[in-house]
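Colleague: I've just opened this one and could use a quick tour. Mind if I ask you a few things?

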Amino acid sequence: MIYVHPNWQLPGLEETLHKAQAAHAPGQQVLPPEEYILRAFEVDPAEVKCLIVGQDPYPTPGHAVGLAFSSEGQQIPKSLQNIFTEYTEDLGLPRPTTADLSPWLDEGVLLLNRVLTVLAGQANSHRGLGWEAITEAAVRQVATNEHFCAILWGKQAQQLAGIIGAKRCIMSPHPSPLSAYRGFFGSRPFSRANEILRAQGADPVDWNLDR
């Protein structure tokens with residue numbers, strides 16, 4: 001069952017969802033599973049205080065769960081392994097043992113990919129289907145929250161900085177193995193996000209995934 005919190009204002013969502021589910025040949029698999037596609041929108045947008053933006057879902061079957069960078073089980077995708085390396089260095093917390101980032105949702109963190117579906121084995125295969133307009137509308141909405149910051153990894157995510165305001169953004173290269181060593185490592189995104197929130201008079205995010 002697909003659920004979207006009623007406070008979201010996302011024009012064209014149903015049309016884009018239908019297009020993404022239909023735009024493939026017989027036998028091709030669309031990821032994530034249908035019930036996970038809009039999972040990022042289950043949270044109340046008014047409660048979002050930190051946005052983390054990804055590109056599109058993991059194209060490996062079993063990895064994509066509808067939340068940017070999050071996954072299931074013990075197999076941790078390579079980008080997330082690099083995020084966990086920075087997480088431990090930045091926060092001094094133990095390295096997480098599972099790929100599940102969903103505890104962050106309760107802390108007001110929105111894990112949003114720019115594109116919400118992908119064909120199995122074909123990264124970026126659903127770019128241009130309409131998801132970019134949907135997710136931009138979502139970012140515009142949460143960016144109006146009084147207490148808000150964003151962690152933007154990679155060029156696609158950083159296109160949103162003008163909407164959010166550069167002073168509320170932490171920007172660095174993407175954590176993928178292709179770019180993590182170009183400035184992602186050492187960027188301290190989690191502690192810097194909390195610094196922004198504290199300066200706004202907000203409570204910081206409890207990033208600890210082993211609660």
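Colleague: Does cysteine 149 count as buried or exposed, and at what relative accessibility?

Modeller: Keep in mind that this is a predicted model. Buried means under 20% relative accessible area. Cysteine 149 falls below that cut-off, so it counts as buried, at 0% relative accessibility.

Colleague: How many residues of strand β5 are buried?

Modeller: Strand β5 covers residues 149-153. Cys149, Ile151 and Trp153 point one way from it, Ala150 and Leu152 point the other way, and all are buried. So β5 is largely enclosed by the rest of the structure, the buried count being five of the five.

Colleague: Which strands does β5 pair with?

Modeller: On one pairing, four bridges link β5 in the parallel sense to residues 50-54, which form β2; cysteine 50 there stands opposite cysteine 149. Another four bridges join β5 to residues 169-172, also running parallel, with tryptophan 153 partnered by serine 172.

Colleague: What is the distance from the sulfur of cysteine 149 to the closest cysteine sulfur, and how many disulfides does the whole structure have?

Modeller: A disulfide needs the two sulfur atoms within 2.5 Å. For cysteine 149 the closest cysteine sulfur is in cysteine 50, at 3.7 Å, so that's too far for a bond. Cysteine 169, buried at 8% relative accessibility, has its closest cysteine sulfur in cysteine 149, at 8.7 Å, again too far. So the distance is 3.7 Å, and the number of disulfides is zero.

Notes: Residues numbered from 1 in each chain as written. Predicted model: local features only at pLDDT ≥ 70, side-chain atom pairs only at ≥ 80, totals over all residues. Heavy atoms only, no water. Buried < 20%, exposed > 50% of the residue type's maximum accessible area, 1.4 Å probe, protein only. Helix = DSSP H or I, 4+ residues; strand = E, 2+ residues; numbered from the N terminus. Pairing = 2+ DSSP bridges.
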